[in-house]
Every structure is written in C-alpha cells, then in structure tokens.
Amino acid sequence: MERRAARATNRGFASIQANLTPLIDLSFLLVIFFVLVIRISSAERVPLELPTPEEPVSELPDDDRRVVVSVVPDASDPTRATIQAGGRLFTIDDGGLDEFLAFVAAARAAAPDSFLNVRADASLPYATVRPVLEAIADAGGAPPKVQLVVRREGGS
Amino acid sequence: MSRRRPVAAASGGGTLNLVPMIDVVFQLLVYFILGLSLEMDEELIRTDLPRRQAAAGVAIDDEPAFVEIAAASAGKLPMTVRGPISFSASTPAELRSRVREAIAGPRPTLAPSQRFVLKPLPGATWDDAIEAFNALAGAGATRIAFWREATP
C-alpha cells in the first residue's frame, strides 16, 4: 500500500478525462435527425393562419402516410389562393385544377392508403377552398381519406 | 522571452479543444428541438367528401339535414338547419347543443347516422365552415359532408 501511494505521489496530479467521443457522436446524430425532420416538416407546413375551432374534436396526427395540400392566400388579393402540394404550386383555375387533380390521382395511385391533409387559411372564403375539395373528391380511385387541419386551441 | 509550451505540444501530440464544438452542437440541438415543438400544434378532423353524382331521389329515411352557414359577424355565426329538423343557431355552441339534444337527448329525433350537409353561403369563410363542422362532430354526428351541386 505504501508503495502504491508513493507511486501516485510521484506521478503528480491525477488527471481524469471523460471520453467525449460517444457524446459527440450522439449529438451529431440528433442534429442530423432534427435537420432532416425540420426540412420535411417545413416543406409540408407552409405558414398559414389555420382555423382554431372552439372545443375541437380534432385528433393528433399519427404516422399514417399523407399528402399535405395547403391552400395559401395570395399576398395581393386575400380572396384568391394558390394550392401548394408535393413541392409544386397549382393555380385555382381550370388549368391549375386539372393539373392538381392529376397530381392527387397520381399520389393516390402510388399510395392508396394515404391520407390527404387539407390545410387552408382560416380567412379564405369557402368559395375559394371549395374547388380544391371537389378536385380531391373527383381524383378517382377509392373514396379519398381527407383530413382537415386545424390549430389546437392555445397553440402558437 | 522563454514561454513554456504545454507539455502535450512539446511532446508532439496536440490536443484538440472540443469544448466550443460541443457548445455549438448543443446550441443547434436546442434550436431544432424548440423549432420542431413550435410546429407541433396542428391537429386533424376527419371528413368525407361527396363525389359529384347525377341528381337522384333521396330516400325519406336518409334525408340529409342541410346546414346553411352565413358569414360570421360581430362574434355570431348565423346557421340555419333544414331537413328532418329545422332551427336557427347563432353560435357553434348553440348548434352543437341543439344537435346533441336531437341525437342523444332524452327524446332523440335524429339517429346518430343522420347525414348533415354543410352549405356555406357566399361570404362564409373556411373558418366558419370548420366551426360548423366541428360543432356537428362534437354533437355526435358521424356523417358530415360539404355540399356540392349534383350534375343535371
């Protein structure tokens, strides 16, 4: 025991170093995860003022496959809107709605069980959103599984 | 001017100072975690969308209740229900309570499978339509759809 104590004294200060490599590995994995999730989520979540109903009967989204369709009001004329889905823009006129219908049909053919989440700005006239809903309904195949996106009361 | 070098450097093995990198990585983590949680306030209401169909007769026992929604003003949302039951409501809460009473009250006049068709009038917004939809769903209605014209 005396010899061991003497050896320790000769060595000077005892240096204890934590192995930081696993911590850094984990942190970088988390950063990569969040970067990817944020990128996916920001592509799907166009900033909109969503409806906030009283006592909502809404449910939290689950992991179902989904196609997010956003109806975004035009900056110049808030009664007009553009459809944003799958990274593409569609105008709400005859030509644009035909293209949108083809897009929905293709998306549903690729994943028949997927949900269609409709996000529309609360201030838009219903008459502006209606053609979008009708195009989704008419896209062919099995009846579409449509979900309306609302903001939870008390959310940001 | 004989400054003493660190022992590690003198022996040829430089040590990397990891502390700033770990600081930055944790800052990024906090940023992404907060940014993601701010976006998680959206929820979903399931719905059915009617397809365009040729005009056809409607069986008496499947007669839908039409809910006309006028534009909201001064905190009121005027709604008129026509069909198997008829009444007017000026708020979503009133619509909810009247329909709930008709479906699940002591003397129910509507089946839970009663069809409701929302008919937003010109001037009504998407918000108004969603409020009415939510009120009906909250009242226990299970078949709610948006109105659309039948092909002639």
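This is a predicted model: local features need pLDDT of at least 70, side-chain atom pairs count only at pLDDT 80 or more; totals for chains, interfaces and linings use all residues.
**Notebook: chains A and B**

I started by counting elements in chain A and got four helices and five strands. Reading along the sequence, I wrote down the pattern α-α-β-β-β-α-β-α-β for chain A. I also looked up burial: 28% of the 156 residues of chain A count as buried. For contacts in chain A between residues at least 6 apart in sequence, I noted that 70% join residues at least 24 apart.

Next I traced the sheet. I found six strands in an open sheet with mixed pairing, ordered β3(A)-β2(A)-β1(A)-β4(A)-β5(A)-β1(B). At the edges I see β3 (88–91) of chain A and β1 (42–47) of chain B; each has a single partner strand, so one side of each has no neighbour in the sheet. Neighbouring strands here are turned by 30° against each other on average, ignoring direction.

I then checked one pair inside chain A. Strands β4 (residues 115–120) and β5 (residues 146–151) of chain A run parallel, joined by three bridges. V118(A) sits opposite L148(A) in β5(A). What packs on the sheet? Helix α3 (residues 94–110) of chain A does, touching β1 (66–73), β2 (81–85) and β3 of chain A. I noted about 135° between the direction of α3(A) and that of β3(A).

Over to chain B. Strand β5 (residues 115–120) of chain B runs parallel to β6(B), with four bridges between them, and R115(B) stands opposite R143(B) in β6(B). With helix α4 (residues 126–138) of chain B, β5(B) and β6(B) make a right-handed β-α-β unit.

Methods: Residues are numbered from 1 along each chain as its sequence is written. Chains are lettered from A and ligands numbered from 1 in the order in which they are written. Two strands pair if DSSP finds at least two bridges between them. Helices (H or I, at least four residues) and strands (E, at least two) are DSSP runs, numbered from the N terminus. A crossover is right-handed if, with the strands pointing away from the viewer, the path from the first strand over the helix to the second runs clockwise. A residue is buried if 20 or more other C-beta atoms lie within 10 Å of its own, exposed if 12 or fewer, and partly exposed in between; C-beta atoms are placed from the backbone. Two residues are in contact if their C-beta atoms, placed from the backbone, lie within 7 Å. Axes are lines fitted to C-alpha atoms, for helices over the stretch in contact, and angles run from 0 to 180 degrees between N-to-C directions.
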